[in-house]
Amino acid sequence: MPVGVTNIIWIAVIIILAIIIVVRNIRIVQQSHAYVVERLGKYHQTWDVGIHIKWPFFDKIAKKVSLKEQVADFPPQPVITKDNVTMQIDTVIYFQITDPKLYTYGIEYPMVAIENLSATTLRNIIGDLELDQCLTSRDLINSQMRTILDEATDPWGIKVNRVELKNILPPREIQSAMEKQMKAERERREAILRAEGEKRSAILEAEGEKESAILRADAKKQQQILEAEGEAEAILKVQKATAEGIRLINDAMPSDAVLKIKALEAFTAAAQGQATKIIIPSEIAGLAGLAEGVIESVKK
């Protein structure tokens, strides 16, 4: 084979090998990921999203890191409260890698470290609280744990966003005692509400009776007032009529005979009552015949 052809073949082989090497060393970093690259065993740089080419035989991708928020669900941990009650508490931690370099070189097995750190932190916090406080202070415990874990994991390039107590499981006998206490408390509240309802009902009933009695008394009083006003008005009208009659008689200037006849009429009206005897004044004795008629009518 001629020398020129041989050289062309070797050049072609070298070019193909170079292309293969270049292609095999092309890396595409996806969204929310980062690559930690070492050169000759030493940290070189961190690749962000995009296309990158590493030097063959010199560069090495030491770690592929996800920058998404991650969830770590740890198994229940036995903890002892301040009043010596042993409980099982499991936690959930939401964290995010903020520095791929520190995450790669900061600590070996970071998830194991976070799990152990969360367990010890939880024991320290629960150890300062009593059982009732542990059951009612979840937000406080979550906040304290998040603050402590975030400070501890900061040198590892990890940020702890949230910590949640998933379950708090006291011993069975404690749960039974708590259930009995809650039942007794509910019964007590029910009795109080029932008593308050009965009291309110009695008060409303008494107020209704009181208002009814007041209304009846007001109605009776109003009736009596109206009756008295009616009687007074009737008497007034009678008196006015009598006075008007007297005035008319005076205006007419009647004679003695007329006055005597009017007196006899008055005695006649009086005889209509329960009297059995009538005494006739001497002034009208001259009218004996008329008086006898009046007396006979009374006797009848």
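Which residues in α3 meet which residues in α5?

A: A word on the basis comes before the contact itself. This is a predicted model, in which local features need pLDDT of at least 70 and side-chain atom pairs count only at pLDDT 80 or more, while totals for chains, interfaces and linings use all residues. Residues are numbered from 1 along each chain as its sequence is written, and side-chain values use heavy atoms, with hydrogens and water left out.

On the side of α3, the residues are Ile114, Leu117, Ser118, Thr121, Leu122, Ile125 and Ile126, and in α5 they meet Ile141, Gln144, Met145, Ile148, Leu149, Ala152 and Thr153; contact here means heavy atoms within 4.5 Å. The residues of this contact divide into ten nonpolar, four polar and no charged, where Ala, Val, Leu, Ile, Met, Phe, Trp, Tyr, Cys and Pro count as nonpolar, Asp, Glu, Lys and Arg as charged, and the others, Gly among them, as polar.

Two packed helices are described by the angle between their axes and the distance between the axes. Helix α3 covers residues 110–127 and helix α5 covers residues 138–153, and they pack at an angle of about 140° with their axes 10 Å apart. The axes are lines fitted to C-alpha atoms, for helices over the stretch in contact, and the angles run from 0 to 180 degrees between N-to-C directions. That angle makes α3 oblique to α5, since angles under 35 degrees count as roughly parallel, over 145 as roughly antiparallel, 65 to 115 as roughly perpendicular and the rest as oblique. The crossing in which α3 passes α5 is right-handed, a term used if the near helix is turned clockwise from the far one by less than a right angle, with anticlockwise giving left-handed.

Helix α5 also holds Asp150, which is buried at a relative accessible area of 18%; buried means under 20%, exposed over 50% and partly exposed in between, with a 1.4 Å probe and protein chains only. Leaving aside neighbours within four places in sequence, Asp150 is in contact with Ile158, Lys159 and Val160.

As for the setting, the chain has eight helices and nine strands, which are DSSP runs numbered from the N terminus (helices H or I of at least four residues, strands E of at least two). Buried residues make up 21% of the 300 residues in the chain.
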